[in-house]
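Thanks for making the time this morning.

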Amino acid sequence: MSVSAEPTSVDPRRNGSVPADTGAARTDTLRPHAEHAFADELTALAAQDDRPRPACWRLSPWAVATYLLGGTLPDGTVITPKYVGPRRVVEVAVTTLATDRALLLLGVPGTAKTWVSEHLAAAVSGDSTLLVQGTAGTPEEAIRYGWNYARLLAHGPSRDALVPSPVMRAMAEGRTARVEELTRIPADVQDSLITILSEKTLPIPELGQEVQAVRGFNVIATANDRDRGVNELSSALRRRFNTVVLPLPETPEAEVDIVTRRVEQIGRSLDLPAVPDGVDEIRRVVTVFRELRDGVTADGRTKLKSPSGTLSTAEAISVVTGGLALAAHFGDGVLRAGDVAAGVLGAVVRDPAADRVVWQEYLETVVRERDGWSDFYRACREAGV
């Protein structure tokens, strides 16, 4: 698993979204798109990819999976993993895009749905920017098309006055469109996707025309498990998607690896201290999050109450990154318990009434009694119970 890239430094010698040894492209852009940040890897994969490619795909399905999961090419080029998780999950997602079924990435918040969506689009189409961001106010025009009203009033309905949506552009160009947070979009707007996904056509009744999808077109949508009941998908729309669930990391070691990789990438871009100096604190943050998330201590001996928040891997990355910034700007550059304590408290206590009780009980019954955690206990007490 992994999550989306964070801001980059303006120092041309150090900026970019990944460590220097990954071969990613360097720009002064605050947050480069995946196809730009990892252009060298995509180019290397394309050059050595001799497997069959679906129509309009930049890479074969095997190469797309390798781009996401990482590996070493025959010429020695190292492809860095963008997602750390079950290989079969990625293979099913990639295979879905090679069929006429759309892909729905489902999971709890912080399981890298957006990150995986972006990298899939970048590897398949070379363009991850055909994006519809789902909100409660997303209009139907965001999925279908809108109008340039100045031209519409001056000349009437015409193709020149029509403003294509990202989905319409993807259909016309044989690319991959992305729809983020699908279940946050109003139900009647969601259903505008049904004809697009089933008939692969988008009618324009004002002009008596339609846009037919070019081979290579598909849609990746994301939704999180916590949004059930917000704007649930109709059965007709859900049938148009193949749903792939992105799980939380299976083991503490896997989650520590994910957090370390992402914090290392972000830290380089922000000129923060090296992550290896803070691996122990990363492991401690991950342990706290996993135990509270699972409702039981790592040894299985003590049952715990879980807070209202998700305590996802993405939140752990945010806490550690904030701690590194504190260590760099207000400490000695070494990540310590005092640098992450406030961030952990903020992540756990979302509901001031209920979550504070959960956190205090965990702090006193687990953290206080754990060998080698006295500094973390004191730092958390100082941060505020």
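Let me begin with helix α12 and helix α13 (residues 313-330), whose axes come within 10 Å and cross at roughly 145°. This is a predicted model, in which local features need pLDDT of at least 70 and side-chain atom pairs count only at pLDDT 80 or more, while totals for chains, interfaces and linings use all residues. Residues are numbered from 1 along each chain as its sequence is written, and side-chain values use heavy atoms, with hydrogens and water left out.

As for terms, helices are DSSP runs of H or I with at least four residues, numbered from the N terminus, and axes are lines fitted to C-alpha atoms over the stretch in contact, with angles from 0 to 180 degrees between N-to-C directions. In the contact, meaning heavy atoms within 4.5 Å, Ile-282, Val-285, Phe-289 and Arg-293 of α12 meet Thr-313, Glu-315, Ala-316, Val-319 and Val-320 of α13. These residues divide into 6 nonpolar, 1 polar and 2 charged, where Ala, Val, Leu, Ile, Met, Phe, Trp, Tyr, Cys and Pro count as nonpolar, Asp, Glu, Lys and Arg as charged, and the others, Gly among them, as polar.

Helix α12 (residues 279-294) also packs with helix α14 (residues 337-348), their axes coming within 10 Å and crossing at roughly 20°. The two are therefore roughly parallel to each other, a term for angles under 35 degrees, with over 145 counting as roughly antiparallel, 65 to 115 as roughly perpendicular and the rest as oblique. On the α12 side, Glu-281, Arg-284, Val-285, Val-288, Phe-289 and Leu-292 make the contact, and on the α14 side Ala-337, Val-340, Val-344, Ala-347 and Val-348. By class, that contact has 9 nonpolar, no polar and 2 charged residues.

Turning to another pair, helix α2 (residues 39-48) and helix α3 (residues 61-69) pack at an angle of about 150°, with axes 10 Å apart, and are therefore roughly antiparallel.
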